[in-house]
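Open the model in your viewer and switch to a cartoon view. The tour below goes from one selection to the next.

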Amino acid sequence: MTSHSPMERAPWVLKVENLGKVFGPMDSDVLAETGPEIGTSKSSRTGTVVAAWDVNFEVAAGEALGVIGESGSGKSTVMRAIAGDHEASHGAVWLRTRKGDVVNVAAIPDSARRALRVDELAVVYQDAAEGLDLGVTAGGNVADRLTAAGWRNFAEIRHRAAHLLGRTEVPLERMDDIVRQFSGGMRQRVQLAKALANNPPIVLFDEPTTGLDASVAAGVLDLIRDLLTELGIAAVVVSHDFSVIEMLTTRCIVMHHGRVVEEGLTDQLLEDPLHPYSQRLVAAART
């Protein structure tokens, strides 16, 4: 398959192909001056940061793929390039829509990308304030996504919002409370309900439990895992924590200084990591 004509019968719903994101001037030497072997993602000569380069993976319906690495590894940059929050510097992000069309998210106008974010792809951010309007009620946040997708009947919108909030374990008596009043864990649950409002085929999770107390984080992870199993969506889970990746994903890639250094089945990577950087991450997860 080429980047210009993806195979129609391919089982993936999301395909990331040679994806790169560079901040700063780019020339032929910048790539050689950065990367895991050099020990940095920043060119000492130009100051250019190669946040991600040559990232490739596919995700099928019902599959969760993990992207793991420490802060600065490039994992969140990849997620934001997929979502369209960052404009990719190189490569393609192919998305297979519900209608069966194959779209390169990295090469369409902003208006078309925003439409895809309503109907086809949702993001659950580490900071719930990025995914929610904190000055609006829990039900109102879910309703915003539904009305953006064309829902107009107030009773139907409220019923759908109540169903989703209940499913994500937000007490229904708090449906009309302003989200700013909620705890961090409760905000994440509202953000998850909003993300799932239109049954998107693809959901991206960016450090969904970072900053939460351990008991709260465990509850959110249990909820995400159950929903992924129940709904059969394709998911990409970005985290610095192998325990999160282990709980939610079946395959993962490991990123270091903007490059993928290892990929494989999650359980195999945890059992027998090959790259020294992966070995350090696994060792840290076991302590």
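What follows is a walk through a predicted model, stop by stop.

**Stop 1: the open sheet.** Select strands E2, E1, E4 and E5. In that order the four strands form an open sheet, and their pairing is antiparallel. Which strands stand at the edges? They are E2 (49-60) and E5 (102-104); each has a single partner strand, so one side of each is left without a neighbour in the sheet. Ignoring direction, neighbouring strands here are turned by 20° against each other on average.

**Stop 2**

**Stop 3: E4 and E5.** Now keep residues 90-96, strand E4, together with E5. Three bridges pair the two strands in the antiparallel sense. Show side chains for Trp94 and Asn104: Trp94 stands opposite Asn104, which belongs to E5.

**Stop 4: charges over rings.** The charged end of Arg96 sits over the Trp12 ring, 4.4 Å from its centre. Then move to Lys21 and Phe23. Here Lys21 lies over the face of Phe23, at 5.0 Å from the ring centre. If you go on to look for aromatic pairs, the structure holds zero of them.

**Stop 5: the loop between E1 and E2.** Select Gly39, which is found in the loop between these two strands. How exposed is Gly39? With a relative accessible area of 43%, Gly39 is partly exposed.

**Stop 6: strand E9 and its partners.** Select residues 251-256, strand E9. The strand is mostly covered, with five of its six residues buried. Bring in strand E3, residues 64-68: E3 and E9 run parallel and are joined by four bridges. Val67 stands opposite Ile253 of E9.

E10 pairs with E9 in the antiparallel sense, over six bridges. Cys252 can be picked out opposite Gly264 in E10.

Conventions:
Residues numbered from 1 in each chain as written. Predicted model: local features only at pLDDT ≥ 70, side-chain atom pairs only at ≥ 80, totals over all residues. Heavy atoms only, no water. Pairing = 2+ DSSP bridges. Axes fitted to C-alpha atoms, helices over the stretch in contact; angles between N-to-C directions. Phe/Tyr/Trp six-rings, centres within 6.5 Å; stacked < 30°, edge-to-face > 60°. Lys NZ or Arg CZ within 6 Å of the ring centre and 35° of its normal. Buried < 20%, exposed > 50% of the residue type's maximum accessible area, 1.4 Å probe, protein only.
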